[in-house]
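Hi everyone, thanks for coming. Let me put the model up on the screen, and then we'll walk through a few parts of it together.

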Amino acid sequence: MSKGIISKEEDYSQWYTDLVIKADLAEYSPVRGCMIIKPYGYSIWEKMQAVLDGMFKETGHTNAYFPLLIPKSFFSKEASHVEGFAKECAVVTHYRLKNDEDGNIIVDPEAELEEELIIRPTSETIIWNTYKGWIQSYRDLPILVNQWANVMRWEMRTRLFLRTSEFLWQEGHTAHATAEEAVEETERMLEVYADFAENWLALPVIRGRKTPNERFAGALDTYCIEALMQDGKALQAGTSHFLGQNFAKAFDVKFNTKENKLDYVWATSWGVSTRLVGALIMSHSDDAGLVIPPKLAPIQVIVVPIFKHDEELEAISAYVKTLTQELKAKGISVKFDNRDTHRPGAKFAEWELKGIPVRVAIGSRDMQNGTVELARRDTKTKETVSQQDLATTIERLLEDIQQSIYNKSLAFREENTREVDDYEEFKRLLDEEPGFLSAHWDGTAETEQLIKDETRATIRCIPLNAKQEEGRCIRTGKPSSQRVLFARAY
RNA sequence: CGGGGUGUAGCGUAGCCCGGUAUCGCGCCACAUUUGGGAUGUGGAGGCCGCAGGUUCGAAUCCUGCCACCCCGACCA
């Protein structure tokens, strides 16, 4: 176990917080519910952004930017949307401060805004207000826009990365001529997220649809990817919404069809956030610190020299310089930790805490033998290998780590996904062996709510690949045609 | 907003009942010895004891008010 980090077993949620702080990912800010993302944490987010952005471009999207502030009146236009977000909006009411008689800074009561402005909790309203001006004809469609932005939702209970009042995300907003095309887009982007989660985050996810209760405010259908964390709780890792014509109607966005008829535009929106950093931490890390999948690690290889004298360090440095060039030629990022202020053991612990996938330790003995000590973070194993073709050895090792982290997470999820047909057993499992529970549900919001009230478990999703199977609702015994996934969730 | 708790050095804390300007550890700085898994020794710096009043010769300690944060619940990517 690492210094200053409580073990996962003892207190999972404290373990998570310790890790975020100790690994230098983020810290608390002076403002409640907001966090400071530190350079190391931000560099992970940047890697995610770069990959996702590439995927969005690949699927035909382009980036744009819409304002942080949204006129309050925009919000009231889509009824369920207001209802969903009203309780957590920060509102800007004034535009000036001044000094009062005592010299204190106060809000200038004279500087009240005519129309209050909402700090965006999401951008559908301002975007659809804008799209109205962009769309007249089917020839203007589709519009495939994404924006990278911050948003604010005044959360009551916050946790670093998982739920903060302000967070960073991307939100895609597309406009289409037909419902089919919009649904296709919704599903396409869900698959982009699933692909990203599985092949980059090494995080297996369930693709599914939300129940009406859990839908995005203003959506006709919400698709999601759900992941299982190491404590058996579920985490929604990304969502993609089919918005139907709701926003087009609210903002009066009509277009001329090919048949020269007037119709409302079909919409989608989809997003993932810095919550993914939290998902990354919670799914792979251990008591020694972070475990970052190689494809997202800001530094993939750390090289630690072991030396007694400057001459030894020089000899090692010369070798490391060559190695570094070879690794960089293969697109592998590497850092040489030649600080003389820390001893090797301290460096090992530090880089383990930060989750660097591969460590190369090299001392005089290795230099004589033509070897290095190669350690992998995920399994904490190490072996002595030849310097011959080391860059290639490392390249393969990184691929192997990426795959085995994924396999491990997948095995964990499979072990902790259980089919249940008895309500008492359902409740027992939630308490004693938390994970996904696959159970029949009668399809009503009432039963869903009842189960939630009684067990604190929610329907995470209706899996897309679920097989049709006759059964009886776990709570009411009414007939059901397929299983849905329940879990306690973040 | 309800229930519980905590504010003392960068971090974690002792002291508070029973008033006398603050303890210990980590970290930090200097020097020396060290370096194949978190080094050791010696010396040193660092505090408006959350804020504002009050009681008192004297308040981290007692009293009053305020503020902030954390944990548990209702809301959520």
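A quick word on names: helices (H or I, at least four residues) and strands (E, at least two) are DSSP runs, numbered from the N terminus. This is a predicted model, where local features need pLDDT of at least 70 and side-chain atom pairs count only at pLDDT 80 or more, while totals for chains, interfaces and linings use all residues. Residues are numbered from 1 along each chain as its sequence is written, chains are lettered from A and ligands numbered from 1 in the order in which they are written, and side-chain values use heavy atoms, with hydrogens and water left out.

Let's begin with the RNA. Which element gives the largest share of the surface near RNA strand B? That is H10, with six residues. Here "near" means that a heavy atom of the residue lies within 4 Å of the strand. In total, 33 residues surround RNA strand B, and the closest are Arg-157, Arg-163, Gln-236, Arg-275 and Asp-366. Of the RNA atoms that come within 4 Å of the protein, sugar and phosphate make up 37%.

Sorted by class, this surface has 16 charged, ten nonpolar and seven polar residues. For the classes, Ala, Val, Leu, Ile, Met, Phe, Trp, Tyr, Cys and Pro are nonpolar, Asp, Glu, Lys and Arg are charged, and the others, Gly among them, are polar.

Now some individual atoms. Arg-275 has a polar side-chain atom 2.5 Å from a sugar or linking oxygen of RNA strand B. Glu-352 places a side-chain N or O atom 2.6 Å from a base nitrogen, and for Lys-382 the distance from such an atom to a base nitrogen is 2.6 Å.

Next, a pair of helices. The axes of H2 (residues 39–58) and H6 (residues 179–199) come within 11 Å and cross at roughly 145 degrees. Those axes are lines fitted to C-alpha atoms, for helices over the stretch in contact, with angles from 0 to 180 degrees between N-to-C directions. On the H2 side, Met-48, Val-51, Leu-52, Met-55 and Phe-56 meet Met-189, Val-192, Tyr-193, Asp-195 and Phe-196 in H6, contact being heavy atoms within 4.5 Å. That contact has nine nonpolar residues, one charged and no polar.

Last, a sheet. It is open, with three antiparallel strands in the order E4-E8-E5; two strands pair if DSSP finds at least two bridges between them. E4 (69–71) and E5 (91–94) are the edge strands. E5 pairs with E8 (residues 112–119) over three bridges, and His-94 stands opposite Glu-112 in E8.

Key
A polar contact is a pair of N or O atoms within 3.5 Å; within protein, one must be able to donate a hydrogen and the other to accept it, and residues adjacent in sequence count only if both atoms are side-chain atoms.
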